Amino acid sequence: MTEKIVVTGYGIISSIGAGVEKTREALLKEEKSIGRVAHLNTCHTDIPCGEVKESDDELKKALGIASDQIITRTPLLAMMAMKEAISTSRLTDQISTAFINGTTVGGMEKSEKYYYDFFEGKHTEYISAHDCGAGTELVSHLFGHFDLMTTISTACSSAANSVILGADLIKTGRVDAAIVGGTESLSKFHLNGFNSLMILEHQPCRPFEKSNQGLNLGEGAGYIVIERESVAKARGANIICELSGYANTCDAFHQTATSETSEGAYRAMTNALLNAHLKTNEIDYINAHGTGTSDNDLHESIALKRVFGENIPPFSSTKAFTGHTTSAAGAVESVISILALQYGFIPANLGFSEPIEATGLIPVQKTLHRTLNHVMTNSFGFGGNDSSCIFSKYQPS
Amino acid sequence: MDALVQELKEKVIQALNLEDVTPDDIDANAPLFGEGLGLDSIDALELIVLMERNYGIKLKNANEGKDIFKSIQVMADYISKNRTK
Amino acid sequence: MSIYIDKAAQISIQQPLCNEWFSNPSMPTDRLCKFVRPDFKQYISAAISRRMGTALKCTLSSASACVSEEKRSNLDGILTGTGLGSIENTENFLLAMLEGEEGLSPSNFMQSTHNTLGSQVAIAFKCHGYNITYAHRGTSFDSALMNAVVKFQLNEYKTALVNGVDEMTEKYFQLFDHIGFWKDRNVTIEDVRNATSPGTFAGENSVSLLLTTQPSEQPLCELCDTQLFYRPSDEQLKTCVEKLCHAFNINRIDAIVIGNNGDKENDAEYRRLAQLLTPDAKQIIYKHLFGESFTMSGLGIYVAATCLKEKRVPAHITMDNEALENPQTILVLNHFKQLDYSITLLKSC
């Protein structure tokens with residue numbers, strides 16, 4: 001049997017606040033944050049989002065970065081969460097460490113602003129900051145030295161797939177630790193993109209609601225530090241929990257629609273359970289993908305029923321808190337799942353009142369306090385890139 | 001109305017990039033989705049964009065398209081009643 | 001367990017889906033060279049292709065050429081590297097949006113996400129296996145290849161498809177021109193053999209490799225391992241090569257593929273490392289034929305694998321302009337701006 005992979009650090013920023021403490025507090029108090037955007041320059045001001053309160057300049061200030069440094073918002077958000085992940089884990093580059101970053105928007109939020117200027121030779125320093133890997137490179141400078149670094153871009157499951165790759169790199173002995181997660185800032189580009197797909201809600205989203213229309217976009221970043229159990233123990237790290245299982249599958253049906261039987265989501269959850277050697281009745285809470293679109297919520301419900309039968313564990317989507325943080329979602333929600341496990345609570349699925357007729361599933365509507373041993377989190381992306389991860393209470397080997 | 005039907009056929013072919021299809025191939029009363037042209041949910045969204053750009057008709061909800069895009073004829077009827085340009 | 005490159009297919013600025021480049025290459029004469037398109041209709045039906053951009057059509061074609069129909073749904077993984085994704089679609093959506101945020105067409109947006117390429121292959125192949133996309137500049141393809149090797153090493157894979165795809169538009173070419181990516185003239189083989197100025201030229205590529213533990217009768221070669229590094233020390237790279245040779249019982253590396261592209265700084269690093277890692281190996285170059293892109297390293301692997309299968313390195317792709325007969329082992333080296341590095345070791349079957 002391969003060695004356990006443990007979580008020793010985490011960091012997060014989203015519209016509900018910066019840092020794990022603020023995040024936990026907001027979840028427990030059921031604080032709402034979805035509203036009008038203040039920083040994103042768009043004509044769609046009637047579309048509410050989960051925007052991080054701080055401006056670029058405020059983020060730079062908080063990070064101690066010169067205000068004239070060339071850096072886009074996606075890596076700025078990443079740095080906020082990354083700093084916290086590094087400090088909570090007390091990881092140093094004495095341990096061979098990988099950095100796996102998930103993002104899709106990359107530097108688009110500046111490219112869309114300066115696009116015409118670029119051709120006149122202005123702001124050209126942002127041209128090489130456009131691609132996804134550029135942000136990863138910038139963020140990596142916060143840590144002493146990474147032995148291996150890459151960027152995953154599978155849309156809304158990017159960060160979940162970063163967790164998976166990081167774990168596999170540790171399992172095969174390529175590294176002993178990995179900082180994994182993802183980051184995404186709001187951009188006019190993907191706000192308009194989601195709007196062209198007509199899946200944006202014009203009020204705060206209500207995941208798993210009968211009459212749901214769509215999702216709210218959010219922004220943020222999340223990272224967790226995972227490492228080989230023996231390495232964590234040897235350096236006296238504070239072990240928060242275990243990463244006990246995960247799976248990546250593909251729905252292989254349509255770029256934006258889900259197959260009738262939710263094959264991808266079904267396989268992601270089933271295979272993650274197999275990977276974790278857990279039975280369905282051992283899962284105590286599911287942090288659902290639950291975007292608020294009728295397509296996702298109906299099909300995720302169908303998949304939940306296929307996997308768990310009549311005994312579906314308590315589940316909720318926390319996207320009504322943070323909005324859909326797209327490439328960061330897998331990490332933002334992993335951190336939330338870890339907090340739930342660590343502090344024994346199930347966050348509420350805000351805004352829910354009536355179940356979807358076809359499936360009748362009812363999420364957790366008010367925060368519950370109870371001991372949790374195994375928590376599953378789902379991340380499903382465009383193109384049917386579906387992944388699930390399971391975090392468990394740490395049981396020393 | 002016939003002119004609008006013909007115009008719509010051309011615009012639909014263009015918007016949906018139906019390469020090997022000519023206006024004559026499309027039966028104005030045949031269903032657009034399902035068997036007919038093999039269109040999907042993204043095509044429905046493209047048709048909504050087509051109506052907005054060409055005829056100033058804005059749908060709030062993608063589901064409203066279901067009844068409007070039954071056939072070219074139904075679509076033409078809807079456009080002639082609701083167009084703002 | 002051994003991993004084999006069972007089949008490989010390329011679409012690039014050379015003749016597509018064949019090895020014409022090996023015996024009869026065409027010499028690129030432009031600063032921006034576009035895909036030589038295959039007959040897409042052979043691989044994609046008109047009904048499916050009508051919304052697809054060029055990069056996606058090329059991906060589906062090279063992937064289809066690589067995997068026979070009966071194997072498609074059984075692939076354990078489809079792993080794709082792309083530096084920029086379908087930038088043609090991204091640009092179309094961006095330009096329309098900059099004109100006004102109303103009435104935008106969703107098709108371009110839908111295709112603009114990097115993972116469209118790999119997930120569309122899964123959709124076409126009805127493959128529910130592992131599906132992932134890497135977008136990490138010059139090691140996007142290498143990341144996908146490494147991830148595949150990792151999954152084989154975990155005994156989770158029997159077969160996998162790895163793709164490396166990038167297209168280049170006129171506009172994006174101009175943007176990169178502003179930051180000194182390209183030479184102000186076309187790049188010749190002399191530039192690649194002995195670069196004296198900055199800049200390279202742009203190519204486009206879609207390369208697909210079918211990896212398997214159960215090869216057909218004529219696999220191209222064995223894939224020993226792919227290792228990724230970030231700002232490695234020379235010692236780290238040297239140790240890596242030594243360890244790989246030891247693990248795979250190799251006492252001599254016959255040739256090394258280097259990514260010289262005519263850019264002085266880029267090429268100097270390759271020459272330095274080739275000398276350090278494999279001083280006696282024949283140096284193979286390929287970017288004079290294919291141009292540069294974020295995933296051109298995929299063609300580096302393709303070229304090396306083809307040479308192992310053909311049992312020959314032709315003179316027109318060597319630094320010293322002399323052919324090498326019967327190579328047994330080839331190391332493929334890639335670096336991006338001296339930040340990200342990869343080493344891949346291949347050996348003949």
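Trainee: Which residues of H10(A) are called buried?

Mentor: The buried residues of H10(A) are Asn296(A), Asp297(A), Leu298(A), His299(A), Glu300(A), Ser301(A), Ile302(A), Ala303(A), Leu304(A) and Val307(A); a residue is buried if 20 or more other C-beta atoms, placed from the backbone, lie within 10 Å of its own, exposed if 12 or fewer, and partly exposed in between. This is a predicted model, in which local features need a pLDDT of at least 70 and side-chain atom pairs count only at pLDDT 80 or more, while totals for chains, interfaces and linings use all residues. Residues are numbered from 1 along each chain as its sequence is written, and chains are lettered from A and ligands numbered from 1 in the order in which they are written.

Trainee: What do the buried residues of H10(A) pack against?

Mentor: They pack against H9, strand S9 (315-316) and strand S12 (374-381) of chain A, where a contact requires two C-beta atoms, placed from the backbone, to lie within 7 Å. Helices (H or I, at least four residues) and strands (E, at least two) are DSSP runs, numbered from the N terminus, and for chain A they come to 12 helices and 13 strands.

Trainee: Why does the length of H10(A) agree with what a helix should span?

Mentor: The expected span is 1.5 Å times one less than the number of residues; the 15 residues of H10(A) (residues 294-308) should therefore span 21 Å, and the end C-alpha atoms are 21 Å apart, which agrees. Just after H10(A), Gly309(A) takes a positive phi of about 60°.

Trainee: What makes H12(A) largely enclosed by the rest of the structure?

Mentor: In H12(A), 13 of the 15 residues are buried, so this helix is largely enclosed. Its residues, 329-343, should span 21 Å, and the end C-alpha atoms are 21 Å apart, which agrees. Just after H12(A), Gly344(A) has a positive phi of about 65°.

Trainee: Why does the radius of gyration of chain A agree with that of a compact globule?

Mentor: Taken over C-alpha atoms, the radius is set against a rule of 2.2 Å times the number of residues to the power 0.38; for 397 residues the rule gives a value near 21 Å, and chain A has 19 Å, which agrees. Buried residues make up 65% of the 397 residues in chain A, and of the contacts with a separation of 6 or more, 81% join residues 24 or more positions apart.

Trainee: How is chain A divided into domains?

Mentor: The assignment, which is automatic or from a database, gives domain 1 (5-234) and domain 2 (244-392). Their centres, taken over C-alpha atoms, are separated by 20 Å, and the contact takes 60 residues from domain 1 of chain A and 56 residues from domain 2 of chain A.

Trainee: How many residues does the contact between chain A and chain C take from each chain?

Mentor: It takes 55 residues from chain A and 47 residues from chain C. The side of chain A that touches chain C divides into 19 nonpolar, 27 polar and 9 charged residues, where Ala, Val, Leu, Ile, Met, Phe, Trp, Tyr, Cys and Pro count as nonpolar, Asp, Glu, Lys and Arg as charged, and the others, Gly among them, as polar.

Trainee: And how many residues of chain A and chain B are in contact?

Mentor: There, 7 residues of chain A are in contact with 6 residues of chain B, and the chain A side has 3 nonpolar, 4 polar and no charged residues.
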